[in-house]
Amino acid sequence: MPGLKERVAGGIWGLLVGDALGVPYEFHSAEEIPAPPLIEMTPPPGFRASHGVPPGTWSDDGAHALCLLASLNHCGRLDIDDLGRRLVNWHDHGYLAVDNRIFDVGIQTAQAIHALREGKPAEHTGPREEMHNGNGSLMRVLPLALWHRGTDEELVHDAHHQSLPTHGHPRSQVCCALYCLWARRLLHDVADPYRAAVAMLRAIYGGAGPHAEELERHVRPDEEHVPRGTGYVVDCLHSARFALREPSYDRVVRAAVALGRDTDTTAAVAGGLAGVRDGVEAIPRRWLDQLRERDTVEPLLEKLLRQWD
């Protein structure tokens, strides 16, 4: 069984590798995606890859996760204003993006970053209407779960708050909280980690309030959802849950990509959890070797791992 540090490293590398694996296939329907054994960072001949970036390039998903990790490492706590400044730096200067190249910026995220740039407090920049429930805060939240040493209640509180700079609706916050509790239970090898996370989140919410209502009416964590691989935060969470049924890291991320549509984010969200579950050694070496700008990630990861000494 992988040790705790191997699981933490697996989570960070698993997210980035999943993201990079999904980038060439984004926006294609499930019917257009190659068969899972053929899904590689370089698609098979004849497949029209998205974005035109070199193989092994992570997208905004990985960059935003690294922004959160860098902020946590620097501040020693969750500071969403610091996170907001890093997101602006990413958008304007390519901070923590491969080749400093920005592509595939979501409309909602772009609006929020504009508000951050104008000096609005990060607590209030994420749109809060029901239509504003894309997966942009879910895709970056894993480093919080891997860094956090507080109680489950404190982790849920911080998972809610890290969503606010770009996604202010309670539904997005709930998905981030459930994902973090799930990751924590994978990290510590708890039996049936997803259901254990659901039970804890229900206990924390106490059956009342807007977050509890979102959990039961919209996230519906006990139901078997049909995964569609879309950018809707609830579908993204359940698409990752679907992919995590696969027994190995490579099969998880390929199953995520095979759903089509928002392939990079689905594979990043699922791949991070699979990396925590299986450890860094389970990630195929060829994919790690193909991942670009690893030297950007290594010092951030080393600082994260030191706190688990």
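## Aromatic pairs

The structure contains 3 aromatic pairs, where rings of Phe, Tyr and Trp (its six-membered ring) pair if their centres lie within 6.5 Å. Trp182 belongs to helix α7 (residues 170–187) and Tyr194 to helix α8 (residues 193–205), so the pair ties together parts 12 residues apart in sequence. Helices are DSSP runs (H or I, at least four residues) numbered from the N terminus. Trp182 is buried at 4% relative accessible area, and Tyr194 is buried at 7%; buried means under 20% (1.4 Å probe, protein chains only).

Tyr249 and Trp287 also form an edge-to-face pair, 6.5 Å centre to centre with 65° between the planes. Because Tyr249 lies in helix α11 (residues 249–258) and Trp287 in helix α13 (residues 285–290), this pair links parts 38 residues apart in sequence. Both Tyr249 and Trp287 are buried.

## Charges over rings

Arg149 lies over the face of Trp308, 4.0 Å from the ring centre. The charged end of Arg294 sits over the ring of Trp13, at 4.7 Å from its centre. The criterion is NZ of Lys or CZ of Arg within 6 Å of the ring centre and within 35 degrees of the ring normal.

## Helix α1

Of the 19 residues of α1, 16 are buried, so the helix is largely enclosed by the rest of the structure.

## Basis

The model is predicted: local features need pLDDT of at least 70, side-chain atom pairs count only at pLDDT 80 or more, and totals for chains, interfaces and linings use all residues. Residues are numbered from 1 along each chain as its sequence is written, and side-chain values use heavy atoms, leaving out hydrogens and water.

Definitions and conventions. Buried means under 20% relative accessible area, exposed over 50%, partly exposed in between (1.4 Å probe, protein chains only). Helices (H or I, at least four residues) and strands (E, at least two) are DSSP runs, numbered from the N terminus. Rings of Phe, Tyr and Trp (its six-membered ring) pair if their centres lie within 6.5 Å; planes under 30 degrees apart count as stacked, over 60 as edge-to-face and the rest as tilted.
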